[in-house]
Amino acid sequence: MSRQTIIDVAYLVAAITFVLALKGLSSPKRARQGTIVGAVGMAVAVGATFFHQENGEGLKNIVPMVIAMVLGVVIAVPMSRFMKMTSMPQLIAIFNGVGGGAAALVAITEFLHQDVKTLPTYVVLEVVLGVLIGAMSFSGSAIAYAKLQELMTGRPITYPGQQIINGLVFLGAIALVVALLISPTNLLLWVLLGVSLIVGISFVLPIGGADVPVLISLLNSFTGLAVAASGFTLDSNVLIVAGTLVGASGILLTKMMSQAMGRSLPNIMFSAFGSATTGAAAAGADDRPVRSGTPDDIAVMLAYARKVIIVPGYGLAVAQAQHTVHELAQSLQSRGIEVFYAIHPVAGRMPGHMNVLLAEANVPYSELKEMDEANPEMSTADVVLVVGANDTVNPAAKTSPGSPIYGMPIINADEAKQIVFLKRSMRPGFAGIENELLYDPKTILLFGDAKDSLGKLVTAVKQA
Amino acid sequence: MTLHAIHSAAAHASDAHHAASHPILASLTVFILSIFIGIEVISRVPSLLHTPLMSGSNAIHGVILVGAMIVLGQANNMTEKVLGFFAVFLATLNVVGGFVVTDRMLGMFKSKPQAPKNEGANK
């Protein structure tokens, strides 16, 4: 077998492992195996690339190449090992952004390397798409990161004429693409890189913090497509397969996520969600009385219930209260009470984020029920304990057509016999909408940090 | 011989009876089939795995590292070298970070053996 054949076989093996990795990630049991298989495939592909030959010449610049890789490893490993689990969405945004950036750089470098005059138009198109999509994904992810990390406001950033300006920027990018196809020059490509970065920024600025996870999923898909475009340019099947797999599955995943939020993708991308709702929240805020209880009252209620359903939200995660909630659940279970967790698809900040956080606290997988599975049981629950969640149990999603979250599937906490809210304050949730459920006569509130409140409940339940 | 000339030569050699076929067609075939696989393979994912899946696919597009290595490996002048260097660096961040984060997340899904008293209470 020739050297090239062996390398190509290695790439084929890698491509197969990527498919298996995605397949594995679709089931909780095989997910970890899937990741490992994918990582091995990646190592095989990278290893094989060291033997790559171009026109009979081996790869040059091996020393800087290895230095760049070592630098990457030295930075990426501690970053991903030690970042808090609540910061997971930010991490994914960073690693996605750099991937997009890499794809754009690969396309540019290959373009500079080739003789522009002899380059067929379809190759120019591949390069241009790689730069456009990759750079958009890079700058978009950077803004998404800044929003999630609260380096900038999570609110949608809007200004008069924004839609028009965004439209013009995008048209500008398209015009540059066309110009490059007609007469490809290095200068035009650099301009396109700049404009693409601006497109990414202007596309993400008007998107509100709550929608950013869906956006990251979309940008992830974009990076995949940019990688595929680079694969076309370099005639590398493994890049095309991997990039396209991510691109296609990413679009589907994005669609599933936005469906879980009861909104359409165009709605998330173009409606500047939060800005319209701030007004609504202000108008809805009033001084109606709410019923608040002491930890002892609530502990008694919990200790003598038969069935308790816990609805965790992002507040639980920021308070780092996963372990305490698990402790409470265990102490209730030891009294023979049926306890499980009802997980809204977008609880936390990303779909599945809450499951990860609870799994971190050793909550058995079997106690986590997805919304569709949990909702039929709500009416038989004696107590629903809502910890740091708000919008995901807001009945306005079912009852008030004017509400921005109308149509979003919610956990029907309102059907339970009693509802306990552990809340930091009366402030509305992420979507900025007043929650009627707080004023329901069946509802009791316990104000305070989720972790403190849960700790008090654990102690009180033991004494009850 | 340019890269594309090599590719088309290879495509023609492996597919001699379609000697006139455009070199991009082989790539397009791979592309289109991959779209179907990508959609098919994740069509039944429980929502609790959405985040790990996003993270895992994020790691997979880090395969751009292969492309970055190739462009750096054939870089002749300083501009190409610098761009290639950053491409390799960023792509390595993507691959390594993507896999480590995904693995760390999934590590938490391990079904741990339950303490006996919980087992009893669950029933």
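## Reading helix packing, an interface and backbone angles

Modeller: Before we start, keep in mind that this is a predicted model. N55(A) is a handy first stop: this residue sits in the loop between β1 (53-54) and β2 (57-58) of chain A.

Colleague: Okay, what is the phi of N55(A)?

Modeller: The general idea is that most residues other than glycine have a negative phi. N55(A) isn't a glycine, yet its phi is positive, at about 50°. Now try N61(A), in the loop between β2 and α3 (62-82) of chain A.

Colleague: Let's do helices. At what angle do α1 and α2 of chain A pack?

Modeller: Helix α1 (residues 3-24) of chain A packs on helix α2 (residues 31-49) of chain A at about 160°, and their axes are 8 Å apart. Angles over 145 degrees count as roughly antiparallel, so α1(A) and α2(A) are roughly antiparallel to each other. For the handedness, α1(A) passes α2(A) in a left-handed crossing.

Colleague: Which residues make that contact?

Modeller: On the α1(A) side they include I7(A), A10(A), Y11(A), A14(A) and F18(A), and on the α2(A) side G34(A), V37(A), G38(A), G41(A) and M42(A) are among them. By class, the residues of this contact come out as 13 nonpolar, six polar and no charged.

Colleague: What about α3(A) and α4(A), at what angle do they pack?

Modeller: About 160°, with the axes 10 Å apart. That makes α3(A) roughly antiparallel to α4(A), and their crossing is left-handed. A76(A), M79(A) and S80(A) of α3(A) meet L91(A), I94(A) and F95(A) of α4(A). Sorted by class, you get five nonpolar residues, one polar and no charged.

Colleague: How do α4 and α7 of chain A cross?

Modeller: Helix α4 (residues 88-113) of chain A and helix α7 (residues 186-204) of chain A cross at roughly 175°, their axes coming within 11 Å. So α4(A) is roughly antiparallel to α7(A). I108(A), F111(A) and L112(A) of α4(A) make the contact with N186(A), L189(A), W190(A) and L193(A) of α7(A). That contact divides into six nonpolar residues, one polar and no charged.

Colleague: On to the two chains. How much area do chain A and chain B bury between them?

Modeller: As a general idea, the size of an interface is often given as the accessible area lost when the parts come together. Here chain A and chain B bury about 9,200 Å², and 73% of that is on carbon and sulfur atoms. In residue terms, 110 residues of chain A are in contact with 90 residues of chain B.

Colleague: How many salt bridges does the rule find across that interface?

Modeller: The background is that side chains of opposite charge can pair when their charged atoms come close. Across the interface of chain A and chain B the rule finds one salt bridge. R32(A) pairs with D103(B), and their closest N and O atoms are 2.9 Å apart.

Colleague: How many salt bridges are there over all chains?

Modeller: The count comes to seven. Take E377(A) and K307(A), a salt bridge with its closest N and O atoms 2.6 Å apart. This pair links distant parts of the chain, 70 residues apart: E377(A) lies in the loop between α16 (371-374) and β6 (383-387) of chain A, while K307(A) is in strand β3 (residues 307-312) of chain A.

Definitions and conventions:
Residues are numbered from 1 along each chain as its sequence is written. Chains are lettered from A and ligands numbered from 1 in the order in which they are written. This is a predicted model: local features need pLDDT of at least 70, side-chain atom pairs count only at pLDDT 80 or more; totals for chains, interfaces and linings use all residues. Side-chain values use heavy atoms; hydrogens and water are left out. Axes are lines fitted to C-alpha atoms, for helices over the stretch in contact, and angles run from 0 to 180 degrees between N-to-C directions. Helices (H or I, at least four residues) and strands (E, at least two) are DSSP runs, numbered from the N terminus. Angles under 35 degrees count as roughly parallel, over 145 as roughly antiparallel, 65 to 115 as roughly perpendicular and the rest as oblique. A crossing is left-handed if the near helix is turned anticlockwise from the far one by less than a right angle, and right-handed if clockwise. Contact means heavy atoms within 4.5 Å. Ala, Val, Leu, Ile, Met, Phe, Trp, Tyr, Cys and Pro count as nonpolar, Asp, Glu, Lys and Arg as charged, and the others, Gly among them, as polar. Buried area is the accessible area (1.4 Å probe) that two parts lose on being put together, summed over both. A salt bridge is a side-chain nitrogen of Lys or Arg within 4 Å of a carboxyl oxygen of Asp or Glu.
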